[in-house]
Amino acid sequence: GKLGRYPPWPGKIVNPPKDLKKPRGKKCFFVKFFGTEDHAWIKVEQLKPYHPHKEEMIKINKGKRFQQAVDAVEEFLRKTKGKDQASSHNSTEEKNRRNSSEERGKQSAGEEKRRASLSEGKVKKGTGEGKKRVSSVSSERGSKSPLKRAQDQSPRKRGRPPKDEKDLTIPESSTVKRVMTGTVAGFKWPPSVSEPVKDSDPHFHHFLLSQTEKPAVCYQAITKKLKVCEEETGSTSIQAADSTAVNGSITPTDKKIGFLGLGLMGSGIVSNLLKMGHTVTVWNRTAEKCDLFIQEGARLGRTPAEVVSTCDITFACVSDPKAAKDLVLGPSGVLQGIRPGKCYVDMSTVDADTVTELAQVIVSRGGRFLEAPVSGNQQLSNDGMLVILAAGDRGLYEDCSSCFQAMGKTSFFLGEVGNAAKMMLIVNMVQGSFMATIAEGLTLAQVTGQSQQTLLDILNQGQLASIFLDQKCQNILQGNFKPDFYLKYIQKDLRLAIALGDSVNHPTPMAAAANEVYKRAKALDQSDNDMSAVYRAYIH
């Protein structure tokens, strides 16, 4: 792919979900990656034993997420070792294990022999393949996990979870540690599944809102080429493919992409679109922001209308409802470039009325419209790890597949235009209110003589622990309010969320209280600082 080979990454072989068929062609295993809880089909030649290659991996990978993955492996090994010491590890158990392995082999001799030979080829050379695989597990990690033990008690075909299993956990099929070293194998879908989203990244979450009348949404986990499928019932199922720390090999769409708005979010998005090989034309109100992207290979558009008229799909990411309307309806705006077949994707966080109005005018000119606001911040945008909430033209959503994979880790399709705007405002309402509460707690600790650092340490040990909590508290403790998410924009989102509540007579007292604190922070000149600068509204 555009990024070359994957870095080596620690993982373990597990059973795939029962609905997920194995790829044809190259022999491969279903691998769960440590530190990310992601999964993928990996070719057998790309797997290596963990311990012999551990030091080599650590030298290659210096990133924080990789270190977390290694820590997760070591913790897993420690836990398993503890279980081994607690359990009786006698020859009878070993015999039972081997018998169970042989019994499975009798049930599905061809498949078992094939899988065992794959494992044997990489772990240890010799005979007795089925037994060898299990004993190598034993030698490295001792007794089996409860999931492994439960599988061995019945001659069920390998790779399938128990029929009565109700939860979404994926049972372990092997506890041999492996290292991922190459690109992920391709995956052919069975004919029963309808048209796939083209050129999908195997590490990208993909969610589609169920269109059934039932309130419960149906999930189906998949891990390779992402599908948008209509089941026989006519409902659209949600399907997901897990992401890893590094976006996989994405085949970029051959459609010409336009992008309007190079702010905190837009800049990272465009950078990732270019990295993944997309053809991108950019425009920004202040043209000098385009220079960096021109150097990276982007083309320059003189006006929004010109970008839309020369591109197949044009994305926009601007600050608020007024900016979104001006961009479309203003002089030399988007609308002037729209003609039948042109596509417009608005990624701005605005209210449902605004996005519905824009959709109507675009569609009235024969254009196709998708709203796709994003949840995240500048860092997540730069990392290509945004969460995309989309609604509107379903076909356009599918056409945007490679773009969404380049810029995000997850996308949700939420149905008709307006749904994504509402959901985005609710998400940011929760986030903004939580940020104000964090600031309130830290300042109360300070004025009552308590250590703010100790408060953070306590919170990080409890159920509220999160990356968001830790980062925002660190901002406050260090007095670093460099914007990752502008304070003025979270206040705008709170204001719009409160208006959304007003429109349906739903009380939003927490958001209303938080909004007042952000307004105070804006009065104290904190608009262009990070949202964590709401802390300063509490300082007497």
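The points below go through a predicted model of one protein chain.

1. Ground rules. Residues are numbered from 1 along each chain as its sequence is written. Because the model is predicted, local features need pLDDT of at least 70 and side-chain atom pairs count only at pLDDT 80 or more, while totals for chains, interfaces and linings use all residues; side-chain values use heavy atoms, with hydrogens and water left out.

2. Confidence. The predictor gives each residue a confidence value, pLDDT, from 0 to 100. The chain averages a pLDDT of 76, and 66% of the residues score at least 70. Residues 1-5 fall below 50, and this stretch has 10 contacts in the model beyond near neighbours in sequence; a contact means heavy atoms within 4.5 Å. Over residues 210-247 the pLDDT also stays under 50, and the model has 132 contacts there beyond four places in sequence. Where pLDDT is low, the predicted coordinates should not be read in detail.

3. Overall make-up. The chain has 20 helices and 17 strands. These are DSSP runs numbered from the N terminus: helices are H or I with at least four residues, strands are E with at least two. Of the 540 residues in the chain, 51% are buried. Buried means under 20% relative accessible area, exposed means over 50%, and partly exposed lies in between (1.4 Å probe, protein chains only). Among contacts between residues at least 6 apart in sequence, 70% join residues at least 24 apart.

4. Strand β1. This strand covers residues 9-13, and five of its five residues are buried. In a regular strand the side chains alternate between the two faces of the sheet. Here W9, G11 and I13 point one way, and P10 and K12 point the other way. Strand β1 runs antiparallel to β2 (residues 28-33), and three bridges join the two. Two strands pair if DSSP finds at least two bridges between them. Within this pair, I13 stands opposite V31 of β2.

5. The largest nonpolar core. A nonpolar core is a set of buried Ala, Val, Leu, Ile, Met, Phe, Trp, Tyr and Cys residues joined through side-chain atoms within 4.5 Å. Which residues touch the most other members of the largest core? They are F259, F315, M347 and F404, out of 37 residues. Elements that each supply at least two residues of this core include β9 (257-260), β12 (313-316) and α15 (401-407). The largest share, five residues, comes from α7. Leaving aside neighbours within four places in sequence, the contacts of M347 include F259, I269, F315, A372, F404 and M407. A second, separate core has 31 residues, among them M429, L469, V534 and Y538.

6. Salt bridges. Side chains of opposite charge can pair when their charged atoms come close. The rule here asks for a side-chain nitrogen of Lys or Arg within 4 Å of a carboxyl oxygen of Asp or Glu. The whole structure has 10 salt bridges. One of them joins R368 and D399, at 3.3 Å from N to O. R368 lies in strand β14 (residues 368-371) and D399 in helix α14 (residues 394-399), so the pair ties together parts that are 31 residues apart in sequence. R368 counts as partly exposed because its relative accessibility is 24%, and D399 does so at 26%. A network of salt bridges links R368, D393 and D399.

7. Two buried pairs. D530 and K472 form a salt bridge whose closest N and O atoms are 2.9 Å apart. D530 lies in the segment after α20 (509-523) and K472 in helix α18 (residues 467-478), so this pair ties together parts that are 58 residues apart in sequence. D530 and K472 are both buried. K492 and D493 also form a salt bridge, with the closest N and O atoms 2.8 Å apart, and both residues are buried.

8. Cysteines. How many disulfides does the rule give? The count is zero, where a disulfide is a pair of cysteine sulfur atoms within 2.5 Å. For C343 the nearest cysteine sulfur is that of C400, 7.3 Å away. For C400 the nearest is that of C403, 5.8 Å away. C343 counts as buried at 5% relative accessibility, and C400 counts as buried at 0%.

9. A loop position. G277 sits in the loop between α7 and β10. With 29% relative accessibility, G277 counts as partly exposed. G277 and T251 are 26 residues apart in sequence, and their C-alpha atoms are 7.9 Å apart in space.
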